[in-house]
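Visitor: I would like to learn how to read cores and chain interfaces in a model. Please take them in turn.

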Amino acid sequence: MNRWILALALSFTLLAQAQSPGGSLTVSFKDDISTLDPAIGYDWQNWSIIKAIFGGLMDYEPGTTKLVPHFAQGYSIAKDGKSYTFKLRKGIKFQNGREMVAADVKYSLERMLNPKTQSPGAGFYTGITGVADYVAGKAKEVSGIQIPDPYTVRILLDKPDASFLHKMALNFSFIVPKEAVEKAGADFGHNPVGAGAFKLKEWKLGQQVVLERNPDYFQKGLPYLDTLVFLVGQDPNVAFLKLQRGEVDILGDGIPPAKFVDVMKDPKLKQQVVVGNQLMTGYVTLNTQIKPLDNPKVRQALNLAINKERIVRLINNRAVPAVQVLPPGMPGYDPSYKGYPYDPAKAKQLLKEAGFPNGFSTVLYANNTDPNPRIAQAIQQDLAQIGVKAELKTQAQSTVIQAGGTKGQAPMIWSGGMAWIDDYPDPNDFYWPILSCASAVPGGWNWAWYCNPTLDRRAEAADAMVQPGQEAARAKAYQGIFAEVMKDAPWIPIFHEKRYLMHSPKVGGSDAILVDPIHTPVNYAYLYVKR
Amino acid sequence: MMAYLAQRVLQSLGVLWAVTVITFALLYLLPADPARLVAGRSATPEVVERVRHELGLDRPILQRYLGYLGGVLQGDLGRSYLQKIQVSELLASRLVPTLELTLAGVLFELLLGIPAGILAALRRGGWLDQGIMLLSFAGVAAPQFALGLLLLYVLAYKLALFPLGGYGGWEHLVLPALALGLAGGGWYARIMRSSMLEVLSQDYVRTARAKGLAGPVVVYKHALRNALLPIVAMIGTDLGTFMGGVVVVESVFGWPGIGQLTWQAIQTVDIPVILGAVTFTALFIVLANLLADLVYPLLDPRVQYR
Amino acid sequence: MNPRFRQRFLRNRAGLFGLGVVLLILGMALLAPWLAPKDPSQQFFDGLTLEGKPLPPGGQFLLGTDTLGRDLLSRLIWGARASMLVGLVANGAAVLIGMLVGASAGYFGGWIGGLLMRFTDVMMAFPALLLAIALAAILKPSLWIVALVIALVNWVQVARVIYAQTLTLAQKEYVEAARALGAGNRRILLRHLLPHLFPTLVVYGSLGLSTTVLLEAALSFLGVGVQPPTPSWGGIINESQSYFTDAPWLVAFPGLAILVTSLAFNLLGDALREALDPTLR
């Protein structure tokens, strides 16, 4: 049985006519924009810019985490969940003027999967049938990506994956025109050609990137802006001054920490701030393979020892304390779950039962960018109260990531600045890459080296619930899985960060657009200039 | 002098080679796996291995080094792991801004340091001397990031005399160069002062002064030229090291210099960019020091090229 | 000790003042456990406002608190230990090596000089940050490693300047005269060149102290040096610089400590030089 689901683009078109088009806005970033190749870009700056230039078969309703077809007109899922058929919209044009067809989808996916492309997102798509042979060079194409006709793409999976549609909305699956890629060669990331709302106008390396409206964009009336300027190399403190002077309209890196309290106290400035949730959890990994953290009682004791309220205050209350793995807003998040409350006395008691009445010594790794060393020191002080002496190692991010992925090296790691923000709004993105057995390998991101085969099987079963209408049951299943994880306590969840976006008074757009959970930091296509 | 020059150029090639060897060895020791970082956080071990192969990181270190050296000799510095763009293109885009900031920074150091040093030496022990000493030490001890923010806040934001950072015409250059000048000028002032005192204490100068020759003439004709030798040495080292980038000043003022590029490359273990930037810097250091060595005999004829 | 030297030194009031301040700071470092009013690592709950802002000077915390709610005064007193150690050891070593290499290269010249100065070139281009990151992962973090890295990096500037000065000094009449009288190289270097190089060494010894103390923080940030919560002056500045406009005391007080220390060493150094050889004016 195939059931077609229709797009909702019409309603956006109506919405679009309410805003007056035109104008230009400027966004500031501290770090450089590395590349605008959708198969490669994977950092804070380029994520949303790539979304502005390119697009995929799927996207989300603006400002929400609700999936909708984008370049696809609709899709159908086979009953066994192992085959997805997408119908492409007709008349979508790449920025070089050519119409997009199904072969482009196949080309784009295969290009991303090709090891020569070195895509950091290839790992999301290894479940497509035939990818292994293709990657190993045994096949010239991916057998599981089929194009029965110029406007139909069928993708076959080895096993059902309820998050597959999310993956087709991920930047890595965005559609690129073959001829433009081949023309630019390795420099495609600096000469991007997509079918998104904006196209690249100018790129001054290390200084600025300018986008301009794509007049052929398939959603009529969008985008509102004529031009969008990204200034890079802007220290957040200086960008803040520029915003007040009107030289910058959106602080891409957020409000500088030193100014945060003042801004929120100022009735005028406060109106320029939009608060949103992000699907993020900051946690301390407890390496389940290193003594004495291999003892669940010890891990539970450490969970009870941390005063998360105090840590949240250190970052000016820009987060909410966390008790579980999943962040609020993620399907499967359990608002009634209490977790491990702050209770040093009980923590000491548990340590005693585990055979450590006088505590023990261990090492806590942390990324060295502010505020992470401060947070690590707060954790260190809390641990000291129950007799656990944690020596701090604050190092460069790459060094900490390397330590976390090395078997038996890092007893504890504060994840801040490195992990974990969702790639796509599905609970399995908080399980497979960071808590599954498959990720507890050298070089992996399961820094707790936690492996529970029973939970792996349950997660697999949950991922097989692919049909519309099964979402609630699946969320429930993941809720159960993460409750089990917390019983084993491989992590100390610390907080879920909130997002604060500051903009100039002339920026128009609903709050949901300004802190879009998918198009982070901002959904540029729906921004407009207030007049 | 031509023989000396030829010899120095040969030696300089040796220096550059040594720097690439050291850098390569250090990168090898670096506790981070670039293949892993490129492959992304969702990559399976198999994907990482294939990326490692694509990057050529599975080859033996010697082979990698020879490959790099061969590339450099043909003018090919490789491609950035993360930006996938030619390293030479990245370096080229930073060359002019870095050169501008370097020259302006050294100029400000000299403008602030040399007159201050001469004045301090001539007014030795007086309040002017002590005031200059205090300012010199304060400039050197001032943390650069805070100093930069302060300059921006007062001169650019409050008084609106200069733009709020960024790259552009000379008006963009003044504040970052001033920040460098304030930090480095103190050194020049102190060295100039002691160098002047040393020369002024020498017999022939004392004799000249005793004969009633006017102060400024003595200072100019006899003292200054000799006193400048260590200053030239400092200019040489500053030209060289500034060309390697001044990370803090660049990042406060949003200056697209090579320092920010290198710093980001080091953090992301972007090996081709790191190698390219270090080699680039070494080239300028060697050049600047050579230049300084060539200037000494012009200032003091008794010093010979050797 | 030469009584004339002592007499001359004792007459120099600026020098005595410098000596006093240096002794005071060294004493502060040694007696930190008794002098500090509070535990330097204790994060006081009432050391931050409810919004998480540090407290300004005054009240319970004399010099205010840092961004973790710790007593700044206590951290400054304890921080003198790490900072003075690195400042004296690393900077001292850098000045010493720089002087030896620069003076030998300038005096002997020839292939020895060339070799030494090309080695200096290599070290100037040496990617110290990479070394620091590599060491941070391999070795247990310690101040001695930081001192080593700083010494390794900082001596080159000294060497270049000393080299340039030696080049001219070696041609001077009195050096020629000494050589004609049959003085050995060692004697010429020590008796006739060193006194003239001394002022430069004082500059590097004192100004270099400031940059060394700041550099320590940058290297510790990468994980090689003192690890939090151990305080150092540079570290306090480093972790609070971006809060500078909001909480200036966090940068001003440690900055002042560094300034005063390097000034004191400068006064002391100048006085020593004058006392050693009053003919140099």
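Guide: What follows covers the nonpolar cores, then one interface. This is a predicted model, in which local features need pLDDT of at least 70, side-chain atom pairs count only at pLDDT 80 or more, and totals for chains, interfaces and linings use all residues. Residues are numbered from 1 along each chain as its sequence is written, chains are lettered from A in the order in which they are written, and side-chain values use heavy atoms, without hydrogens and water.

Visitor: Which residues have the most contacts inside the largest nonpolar core?

Guide: In soluble globular proteins, nonpolar side chains tend to be buried together. A nonpolar core is a set of buried Ala, Val, Leu, Ile, Met, Phe, Trp, Tyr and Cys residues joined through side-chain atoms within 4.5 Å, buried being under 20% relative accessible area (1.4 Å probe, protein chains only). Here the largest has 165 residues, and Phe86(A), Phe230(A), Tyr524(A) and Leu527(A) have the most contacts inside it. Apart from it lies another core of 113 residues, including Leu178(B) and Val21(C).

Visitor: How many residues of chain C are in contact with chain A?

Guide: Contact means heavy atoms within 4.5 Å. By that rule, 32 residues of chain C touch 26 residues of chain A. The buried area, meaning accessible area (1.4 Å probe) lost by two parts on being put together, summed over both, is about 2,500 Å², with 43% from carbon and sulfur atoms.

Visitor: How many salt bridges cross this interface?

Guide: A salt bridge puts a side-chain nitrogen of Lys or Arg within 4 Å of a carboxyl oxygen of Asp or Glu. The rule finds three between chain C and chain A. Lys140(C) and Glu391(A) form a salt bridge at 3.5 Å, N to O.

Conventions:
Buried < 20%, exposed > 50% of the residue type's maximum accessible area, 1.4 Å probe, protein only.
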